[in-house]
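Open the model in your viewer and keep the selection panel at hand. Each stop names what to pick and what is there.

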Amino acid sequence: MHQDNKMGDVLCSWRCRTQRPWSHPDSFQEQNVVERFKWQRQGIPFGAATSYVHLEKLCEGSCATVFKGISRINGQLVVLKVIRLEAEEGVPFTAIREASLLKRLKHANIVLLHDIIQTKETLTFVFEYMHTDLAQYMGQHPGGLHSCNVMLFMFQLLRGLAYIHQQHILHRDLKPQNLLISCLGELKLADFGLACAKSIPRQTYSSEVVTLWYRPPDVLLGATNYSSDLDIWSAGCIFVEMIQGQPIFAGTSDIHEQLEKIWAVLGVPTEDTWPGLSKLPNYNLELAASRRPQRLQVICDRLSRVSAAEDLAFKMLTAFPRGRISAQDALLHGFFSPLPPQLYQVPAGQSVLTVPGVRLQPEICDLFASYRKGHLSGGSSKFW
Amino acid sequence: MKCPGPPESSRLACFLENALAREARIWKVPVFQNLTLKGTDISLSCYKKVVLWIAEISSRFQFYPETFALATSILNRLLASVKAQLKYLQCIAISCLVLAAKTNEEDEVIPSVKMLAVQSGCKRSPAEILRMERIILDKLHWDLYTATPMDFLDIFHAMVMSNCPHLLHGLPQMNPSRHVAFLTKQLQHCMACHQLLQFKGSTLALVIITLELERLTPDWFPVITDLLKKAQINSTDFIHCKELVDQELMRLQPSNAVYIFCPTRHAIQGCPKARLPYHGPLGLRNSLQERVRVAVNQPVLAPFTSTAAPVPDETVETDDYYDGFRHLYREEGGGRVSAGGLCPQPRAGGGSSPCPPLQPPDRDWGRVAAAGAATAEPVGPGEQSGRHNRAKVLSEDNDV
């Protein structure tokens with residue numbers, strides 16, 4: 001099915017390049033010839049499958065396939081997320097949420113939704129092209145990232161989060177795979193399929209959100225009244241992972257095991273450190289009653305090498321949800337003090353990389369690789 | 001609901017500002033002319049009935065009130081941008097609810113389209129509903145998030161509660177969450193009223209809060225002036241809207257009383273008592289299975305055909321609920337409600353209810369809805385292709 005679409009698109013673009021009139025049998029059946037020519041003269045339309053050329057397949061998920069593509073409208077590289085429509089349930093709720101939320105969010109650190117194409121069996125979202133994502137980037141640079149790059153990525157992550165939280169939107173699925181990175185080092189939040197707009201009085205939400213490793217302890221305990229603190233926990237996990245090179249609470253596939261991992265680091269909370277703890281649905285801390293908190297840097301030794309990193313991580317990874325720092329406050333944390341102050345004046349739609357002196361630093365292993373003229377883990381051709 | 005303290009006020013102001021911006025961006029409502037929706041065969045009463053029907057289905061599935069409001073907002077925006085035929089109105093309405101549920105409800109709560117089609121009694125196949133879903137998404141450019149009147153009611157209510165936490169002190173059994181649930185029902189009725197359609201959700205919500213405050217406290221004026229200013233609501237609009245809402249609520253009070261209790265009652269019947277959470281109707285959401293059971297047990301159109309006030313259950317929650325309202329009205333003896341001689345006392349006297357025989361204006365809705373569905377049946381667009389169908393269902397309104 002997707003192959004057919006792909007072939008059709010390639011065919012159409014070829015026709016156009018050779019200056020032949022379009023004769024795609026389905027898409028323009030109802031348009032008369034005059035209108036077809038008018039359209040062609042005015043430019044290629046948005047919303048049409050023929051306006052994009054599929055290049056290679058990037059990845060395949062449970063309900064969508066992602067292709068790299070080129071827009072024939074402006075010649076830019078794009079990402080085409082082809083969503084299969086279910087015969088029974090129609091447009092997946094994730095697609096509806098993602099589209100209607102992204103329509104509202106315009107920010108340099110939020111992925112840009114260019115276009116939506118509906119065909120009979122599929123739905124294609126056209127996004128701006130980003131070279132890689134944080135998961136791949138970390139995979140290509142094992143052992144922790146350059147501290148300047150951690151600062152740069154983290155600042156952008158928090159900037160995007162501060163923006164969506166200000167709009168009262170929760171992402172609810174932050175993980176390295178959902179943070180896209182451009183070759184310049186721009187970071188953008190993507191995949192808003194689980195995101196939601198919160199309202200007053202606070203609705204209760206699903207506790208089946210966020211990949212287990214990045215899920216905060218309150219939600220693991222069944223809390224359904226979470227707020228922006230949910231995303232902050234996930235961002236805190238990602239922060240430590242970037243510095244340390246390893247996910248901080250990884251390797252589990254079970255809620256209790258996940259909580260154990262967290263208590264092993266943060267200590268077991270009590271009603272004193274976390275008011276309301278015992279009222280949470282899955283509260284049962286008898287088994288782990290003796291754990292005491294440790295310093296984060298005991299678990300993650302690299303945290304101590306970066307000034308103020310441990311303190312920021314500690315403030316983001318606070319078990320008591322209301323005790324977690326907000327994205328807005330985290331941006332003002334001392335950890336970011338080495339960055340130029342102009343960063344705080346950059347308008348929402350503009351990338352922080354436009355500030356002079358702010359740029360992605362080569363990672364240590366890349367330098368090492370170029371020194372040896374080898375190709376360690378992809379080396380310089382690390383992007384897709 | 002947690003009652004927000006003073007430090008919350010800036011957060012609430014931020015919520016309001018945000019909601020106003022969203023409303024300003026895509027607020028759009030259809031225009032009525034000569035008793036029908038401009039350029040269509042949809043009459044005022046059909047419009048009203050379809051909105052109340054969405055409300056009914058929405059509470060049947062125990063969706064949040066915000067989901068009903070979002071569905072209505074989607075419906076209004078669609079009717080404002082296309083010329084829809086009456087025979088498709090019900091299909092459009094149920095599709096709007098499907099979209100609102102997919103947008104606003106959690107995954108585990110969203111019923112299957114098939115179930116929604118069957119339980120709503122809309123006589124539409126899931127395929128038709130799904131085709132309509134895509135048409136609506138296309139027409140509205142996938143831009144569904146907006147600030148509904150319900151969002152504004154929640155915000156204004158939270159603001160009032162945060163400024164005057166003592167407001168409900170004279171009303172034992174009434175807490176902010178029950179209070180807002182009560183106002184929500186009033187708002188639902190106003191949203192079905194075509195005369196009120198011309199007013200923005202922010203205006204309508206503030207009017208409902210104002211009328212309520214007028215009854216609760218002599219000091220309502222400064223509170224409302226402050227909110228009017230914060231919400232930048234046009235005072236002429238506000239006064240006009242207030243008069244209309246006042247009339248509407250006076251007329252609707254009896255049927256309103258019936259309407260209020262039905263969903264809650266069913267919810268309580270459907271849920272094991274032990275699982276009832278502490279905080280009122282917002283907590284009455286349980287697993288989908290329970291919802292399904294609720295839906296199966298109750299024929300959908302029953303509340304519309306019933307003229308008798310419901311006999312309350314023995315459940316504590318229900319009693320609290322009734323008592324809350326009774327106190328509310330008793331305290332306000334000669335107020336707006338009793339002015340028409342229709343003081344709702346749905347519970348008074350337990351079994352032998354001295355309630356006046358209720359003649360809700362929307363009583364005949366069930367019959368009309370069924371008739372509407374029947375007239376739409378012969379068209380049967382089941383085999384048509386989506387695009388073809390779209391061309392037939394909706395003709396573009398170029399003026400809008």
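Select A:Phe239. With 0% relative accessibility, A:Phe239 counts as buried (buried is under 20% relative accessible area, exposed over 50%, partly exposed in between; 1.4 Å probe, protein chains only). This is a predicted model: local features need pLDDT of at least 70, side-chain atom pairs count only at pLDDT 80 or more, and totals for chains, interfaces and linings use all residues. Residues are numbered from 1 along each chain as its sequence is written, chains are lettered from A and ligands numbered from 1 in the order in which they are written, and side-chain values use heavy atoms, with hydrogens and water left out.

Stay in chain A for the rings. The whole structure holds 12 aromatic pairs over all chains (ring centres of Phe, Tyr or the six-membered ring of Trp within 6.5 Å; planes under 30 degrees apart are stacked, over 60 edge-to-face, the rest tilted). A:Phe239 and A:Phe335 pair edge-to-face, 5.0 Å centre to centre, with 75 degrees between the planes. A:Phe239 lies in helix α7 (residues 229-244) of chain A and A:Phe335 in the loop between α11 (327-331) and α12 (364-371), so this pair ties together parts 96 residues apart in sequence. Helices here are DSSP runs (H or I, at least four residues), numbered from the N terminus.

A:Phe335 is buried too, at 1% relative accessibility. Next, pick A:Phe336. Its ring centre is 5.0 Å from that of A:Phe335 and the planes are at 75 degrees, so this pair is edge-to-face. Both A:Phe335 and A:Phe336 are buried. Now widen the selection: A:Phe155, A:Phe239, A:Phe335, A:Phe336 and A:Tyr344 make up one aromatic cluster.

Move to the interface. Contact (heavy atoms within 4.5 Å) takes in 38 residues of chain B and 41 of chain A. About 3500 Å² is buried between the two chains, and carbon and sulfur atoms give 52% of that area (accessible area, 1.4 Å probe, lost on being put together, summed over both parts). Show B:Arg134, B:Trp142 and B:Tyr145: they supply 25% of the area that chain B buries against chain A, more than any other three residues.

Zoom in on B:Tyr145. The charged end of A:Arg104 sits over its ring, 5.4 Å from the centre (NZ of Lys or CZ of Arg within 6 Å of the ring centre and within 35 degrees of the ring normal).

Which side chains meet in a salt bridge? Select B:Glu106 and A:Arg172, 2.6 Å N to O (the cut-off is 4 Å, from a side-chain nitrogen of Lys or Arg to a carboxyl oxygen of Asp or Glu). The count between chain B and chain A is one salt bridge.

Key
Helix = DSSP H or I, 4+ residues; strand = E, 2+ residues; numbered from the N terminus.
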